[in-house]
Structure formats: structure tokens, C-alpha cells
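Please keep the sequence and the structure in view while reading.

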Amino acid sequence: MERTSIVGLGSHIGKTVSISGWVDVRRDHGKLVFLDIRDRSGKVQCVCLPNHAEAVTIAQTLRPEWVVQIEGVVNERPEKMRTEDANGNIELEVTKIVLLAEAQELPFEKDTQVNLDTYLDYLPLTLRSERARAIFKVQAEITNAYRGFLGLEGFTEFQAPKLIGDDAEGGANVFSVPYFNDKVAHLGTSPQFYKQIMVGALERVFSVGNVYRAEKHSTTRHLNEYTSLDIEMGFIKDHHDIMEVETRLMHALVNQLKMNCEQEFKLLGATLPTAPEKFPVLKLREALELIYKETGRDNRSEPDLEPEDERWLSEWALREKGSDFLFITHYPVAKRPMYTFEDPEDPGYTRSFDLLLRGVEITTGGQRRHDYQNLIDGIKSKGLDPEKFSYYLQAFKYGMPPHGGWGMGLERLTQKMLGLANVKEATLFPRDINRIDQLLSTNAADIVK
């Protein structure tokens with residue numbers, strides 16, 4: 001008999017079907033055994049009746065996470081026993097159970113709330129919880145919406161290399177890897193150079209891929225490996241063109257999540273961000289002046305926002321402008337990378353921006369230097385050697401239009417969309433200063449005992 005997905009059982013009332021999945025819960029009631037069985041599509045209650053003695057006998061041995069194949073008849077539940085859950089109006093009357101795989105005794109109940117380290121130590125198990133599955137279904141929907149929107153906007157996806165010769169930001173916080181012929185390669189901190197090169201070939205490009213930062217952070221918002229959502233687009237007037245595309249992207253994301261992830265948001269107790277037609281915009285100096293005026297905290301000489309500033313500004317934007325999103329523009333030339341375009345109408349400051357969402361920066365972007373000599377000047381201004389970037393510079397030597405783009409962390413975006421306390425909750429297999437799967441200070445044998 002062909003397997004039927006659990007989500008589709010409602011269209012088979014009165015018919016005999018075969019389902020396969022995991023035992024979520026077993027409940028014994030006298031001579032009856034009830035099983036909640038789940039597969040990728042959902043859950044259904046199964047009931048084993050005394051007239052199928054062999055099925056009852058097998059059912060009485062089952063434990064959570066055992067894998068089974070079940071045959072039975074789809075019946076409507078009595079009116080008073082129906083629930084609001086999916087498949088809450090039906091149950092499967094079991095006629096046959098085939099055991100496909102046993103599971104060892106669980107270290108804790110699967111949906112029990114545990115501390116973050118325990119959750120991550122047992123990730124192959126805890127990912128099976130309803131909460132974790134909901135988070136990563138939402139994350140998958142974000143990437144689907146991202147790709148779909150940019151495809152309609154004329155962007156072409158490309159895959160940037162992860163092994164590079166030099167750090168895209170010209171910084172020191174990179175992971176180094178021994179390479180052939182006694183050379184040293186690095187894990188890419190960004191697809192920046194490659195997406196700019198691709199503007200010269202395809203004009204509008206985007207990528208979805210992992211990047212690596214060897215920064216010794218231990219915070220609720222930082223990772224050492226994350227998925228970067230990047231775009232680069234040519235023939236722009238200035239950074240406002242990029243911000244306008246990102247605003248429409250965020251509207252598309254929110255709308256698609258509202259349409260396709262209602263149950264996941266409900267389960268997680270999350271609310272979608274408030275996204276007005278136009279997001280409020282402040283220059284960095286205006287933002288710091290506003291903070292000083294309203295709170296007395298004087299960071300007006302700082303070249304960037306502190307986490308406390310980002311939180312305050314986000315609260316202000318929601319309260320005063322009705323927006324969970326806020327653009328901050330015009331960071332100092334000294335603060336931004338070598339390729340960032342200086343605003344000729346505001347010397348010393350760049351045509352760059354960050355997008356804040358619910359207290360955290362989720363995007364860094366802006367216009368890039370597109371003139372060959374101007375870019376070389378930018379490289380030198382950071383104390384770097386243009387010769388080390390000769391491969392990248394070829395794109396500009398042979399003609400590049402005014403262009404710009406952004407980089408955005410998928411995990412941090414997921415975290416803020418869902419209101420999660422820690423970005424690691426929105427990361428399938430987190431890598432940070434303390435962990436690569438297991439805690440670096442922990443003996444893996446302790447976990448598998």
C-alpha cells in the first residue's frame with residue numbers, strides 16, 4: 001500500500017491508508033492504546049482497539065521517537081471529541097503496525113524546555129520538537145521569499161567561493177586555511193568582491209551562502225559562521241535606490257510569512273513586524289543627537305551605534321513612526337570598508353546604511369566606489385596594498401557602473417522576525433567561540449554515554 005502523508009488524511013475518510021512516522025506520544029486507556037504519530041506534514045491521533053489484538057500488543061511496546069508504519073481506517077471523530085488542531089476532526093483506527101526502528105530512552109521529554117546549552121548538546125533530538133521545527137520552517141520560508149522576490153526584480157543568483165585569497169573587508173578576523181604550494185587561504189567573511197565582479201557581468205545579482213568571522217564574540221546576536229543574504233545591483237543613483245528595494249523586500253517577506261506561516265507564529269507566540277509603506281530614515285548624527293536629546297546619553301562623537309542605542313532607536317521608531325524597521329545612514333568614511341562610496345554632498349560620511357529591526361542591526365549596505373582610481377584611493381586610505389587586490393580590481397579597470405548592495409544575516413533576521421532571545425535558537429548547527437557541535441570544553445563521550 002502506498003504511503004499517505006498525514007496532512008492529507010482528511011480526504012480519505014472511510015478508507016484504509018498507510019502512514020509512516022515517529023511516535024510522538026503513547027497513551028494507554030484500559031484495553032485501548034492511543035498513539036500520536038507525526039511525519040513531515042503533521043500529526044494524527046491513532047487508536048488501537050481490542051479487535052486488532054496484534055496491533056494492540058505492538059502498540060503497548062512503543063515509546064517516543066520509535067519509527068513505525070501503520071495501516072488503518074480514517075474515521076471522523078465524534079463531535080464532542082474534536083479539537084482545533086490540524087486533523088482534530090479525524091483519527092486513524094489501527095489495523096496493523098510495523099516497527100521500522102527503535103529509539104533509546106530519551107534524556108528528557110522532547111518538548112521539555114531545557115537551557116540553551118543542553119538544547120544544543122542534544123540538537124539531533126531537540127530539532128524534532130514542535131518549537132524547533134516551527135523556527136526552521138519559518139527560516140526556510142524566508143529564504144524562499146527572498147529568492148522569489150529578487151527573481152521577480154531581475155536579480156540572478158550566483159554562488160560565491162568560500163575559500164578566498166584575501167579578506168573581503170581587509171581585516172584580521174579571518175580563519176586561515178593551509179593551501180597548496182605553501183600558500184594560505186582564508187574562509188570568506190563576505191561574498192563582497194565576487195558580487196561586485198558579477199555586477200559587471202549580470203548587473204543584478206544575489207547570493208545565499210555561508211560566511212565566516214573569526215571574532216571572539218560571546219553574545220546573543222553573534223555567530224562565527226552564518227548564512228549571508230547578499231545582493232549587488234548596478235546603475236543606481238545612490239544608496240536610496242538600494243534602500244527602496246530592501247523596503248519592498250521586507251514587505252514581501254512579511255506578507256509571505258503571514259500567508260504561509262500563521263501556525264508557526266502562533267505556536268511560537270510571535271508577531272510579525274510592523275512594516276509601513278516607507279521605513280523611517282535617520283542619519284547617524286541625527287540618531288545620536290536624538291538619543292542625547294531624549295535620554296541625556298551622549299554618544300554624539302561615536303562612529304557607530306552601541307547595542308543600547310539600537311534598542312532605544314527601534315523603540316522610538318515603533319512608538320513615533322509605527323515601524324519595527326529603521327534605516328540609519330551616513331556612517332563615517334573611517335568606519336566603513338575601503339569600497340564604500342563617500343557622499344560628495346556630505347564629505348567625511350558615506351552613502352551607506354544599516355537597517356535595524358526590533359533593536360538589532362540586520363543589514364549593512366550602501367553604494368560602492370565604482371571608479372578604478374577612486375577605489376585604489378579607498379584601499380590605500382585603509383593602509384592596504386592595492387596589489388593584493390589586483391584580481392578584484394580588474395572589474396573596475398574594465399568599466400563598472402555606479403552600484404551598491406547589502407549583506408544580511410539569515411539567522412539574525414529569523415531571530416528578530418520571531419522574537420527569539422538568542423540567535424543560536426535560529427541557527428541549525430551553531431558555530432561560535434565556545435562550540436562546534438559539542439562545547440569545545442566538553443568531552444563528546446559524555447554526551448553519547
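1. Contact, as the word is used in this note, means heavy atoms within 4.5 Å. Helices (H or I, at least four residues) and strands (E, at least two) are DSSP runs, numbered from the N terminus. By the contact criterion, I135, V138, Q139, I142 and T143 in α4 meet L410, E411, L413, T414, M417 and L418 in α12. These contact residues comprise seven nonpolar, three polar and one charged; Ala, Val, Leu, Ile, Met, Phe, Trp, Tyr, Cys and Pro count as nonpolar, Asp, Glu, Lys and Arg as charged, and the others, Gly among them, as polar.

2. The model is a predicted one, in which local features need pLDDT of at least 70 and side-chain atom pairs count only at pLDDT 80 or more, while totals for chains, interfaces and linings use all residues. Residues are numbered from 1 along each chain as its sequence is written, and side-chain values use heavy atoms, with hydrogens and water left out.

3. The protein chain has 13 helices and 19 strands. Its C-alpha trace spans about 85 × 60 × 45 Å along the principal axes. Of its 449 residues, 48% count as buried (buried means under 20% relative accessible area, exposed over 50%, partly exposed in between, with a 1.4 Å probe and protein chains only). Among contacts with a separation of 6 or more, 66% join residues 24 or more positions apart.

4. How are α4 and α12 arranged? Helix α4 (residues 130-152) packs against helix α12 (residues 410-418) at an angle of about 120°, and their axes are 10 Å apart. Axes are lines fitted to C-alpha atoms, for helices over the stretch in contact, and angles run from 0 to 180 degrees between N-to-C directions.

5. On the α10 side Y372, L375, I376 and I379 take part, and they meet Y392, L393, F396 and K397 in α11. This contact divides into seven nonpolar residues, no polar and one charged.

6. Rings of Phe, Tyr and Trp (its six-membered ring) pair if their centres lie within 6.5 Å; planes under 30 degrees apart count as stacked, over 60 as edge-to-face and the rest as tilted. The count by this rule is nine aromatic pairs. The rings of F327 and F353 have centres 5.5 Å apart and planes at 90°, so this pair is edge-to-face. F327 lies in strand β13 (residues 325-329) and F353 in strand β14 (residues 352-357), 26 residues apart. F327 is buried, with a relative accessible area of 1%, and F353 is buried at 0%.

7. F193, F389, Y392 and F396 form one aromatic cluster. In helix α5 (residues 192-202), F193 is buried, as are Q192, K195, Q196 and V199. The cover over these residues includes β10 (204-212), β11 (225-234), α11 and β16 (403-409).

8. Which residue in the loop between β8 (176-178) and β9 (184-187) deserves a look? D182 lies there, and its phi is positive, about 60°, although D182 is not a glycine. D182 is exposed, with a relative accessible area of 80%.
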